[in-house]
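Colleague: I have a structure to learn from. Can you take me through the terms as we go?

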Amino acid sequence: MNDTPPAPPPHRPVRWLLPLAAVVVLGAGGYAGWYVWQQQQREHQAQAQTTAVQLKGLEATLDALRRDQRATSQRLQDAATTNRVLRDEMLGLSQRSALLEENVAKLADSANQGRQAVQRDEAELLLTQAAQRLNYADDVDGARRLYAQAATALADLPDADGLNLRQALVQEREALDALGSGPRVQSLQRLDAVARALQGLPSQITGTTGSSTAKPWWQATLAPFVDITPSRQNGPLTAAEKRNADDALQLELTLARAAIERGDRAGRNTALDRVEQWAQRRWPDSPALRAQRAELKALRELPLQANDAVLGSTLQQLRTQTDRR
């Protein structure tokens, strides 16, 4: 009975520990949540600040882009205005260039026409001089040189006008080449040959030679009754007579040469007639003398000027074209 009951176990501290632990856990959780929330808030603020800074940067960039766009638009407008001005200037330059080209073409055409006119005048002068050389001096070589120079002057003329002239000039040059040394030079050469042949004639003929010569019919008829002897065969000429005849013959030959050189056909024929007369007086009749007399007769028939119809045709055509202009 004296035993005391055992003391009950201490349940009170355990009972308070659980709520305390719960409070601690809740406090720690709340603190952790608050801390996390604070971190999140700071992160949101930092992100918001970063975003704001980025927005400000974007706005600044947009402003700069707008300024650049406005500046670019202004430059484009200025460039367009400049292009219009340049285009107008280019159009003006093109028009001025066209006018300059037209003026240069006119000047070139005028210069070309002037050059052609000078060439025509030069060719006309050369052909006129060639005709004068042929007509007055019978200078065939000089005329050939002048024709060659005229061909050079006519070589650059247009085909419309120059072709006919060049063809006519070729025909004239061929006709001029066919003349050889010229009619007067040929006449002088033949006359010199006659003069040399006359100097080689015999001064006397033998009786055999004289009797062998065929007599005319009237001499043969009168021969039984009358002996006809030419006075030239009665005796040789004296030395003085020979000298006089030779001097007269040389004088007439000189006059004939001068007449041939100046183209005096009448004077040439007169001088040749006197040459024949003096030759008959100076030398006795013989076949050689008769041959030279025939040559003198042929000389009287020779022309002293080139009478080819082709010569002078180029000059006539050139003057006709000049008159039409």
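This is a predicted model: local features need pLDDT of at least 70, side-chain atom pairs count only at pLDDT 80 or more; totals for chains, interfaces and linings use all residues.

Colleague: What makes 287-301 helix H9?

Modeller: Helices are DSSP runs of H or I with at least four residues, numbered from the N terminus. H9 has 15 residues.

Colleague: How do you know what span to expect for H9?

Modeller: Take 1.5 Å times one less than the number of residues. For H9 that expected value is 21 Å, and the helix reaches 21 Å from its first C-alpha to its last.

Colleague: Which residues of H9 are buried?

Modeller: Buried means under 20% relative accessible area, exposed over 50%, partly exposed in between (1.4 Å probe, protein chains only). Leu289, Gln292, Leu296, Leu299 and Arg300 are the buried ones.

Colleague: Why do we say that the buried residues of H9 line one face?

Modeller: The arc uses directions from the helix axis to the C-beta atoms. In H9 the buried residues fall within an arc of 100 degrees, so they line one face. The face turned away carries the exposed residues Pro287, Lys297 and Glu301.

Colleague: What covers the buried residues of H9?

Modeller: The cover includes helix H4 (183-199) and helix H8 (265-282). Contact means heavy atoms within 4.5 Å.

Colleague: And how many helices and strands does the chain have?

Modeller: It has 10 helices and 0 strands. Buried residues make up 22% of its 325 residues.

Key. Residues are numbered from 1 along each chain as its sequence is written. Side-chain values use heavy atoms; hydrogens and water are left out. Helices (H or I, at least four residues) and strands (E, at least two) are DSSP runs, numbered from the N terminus.
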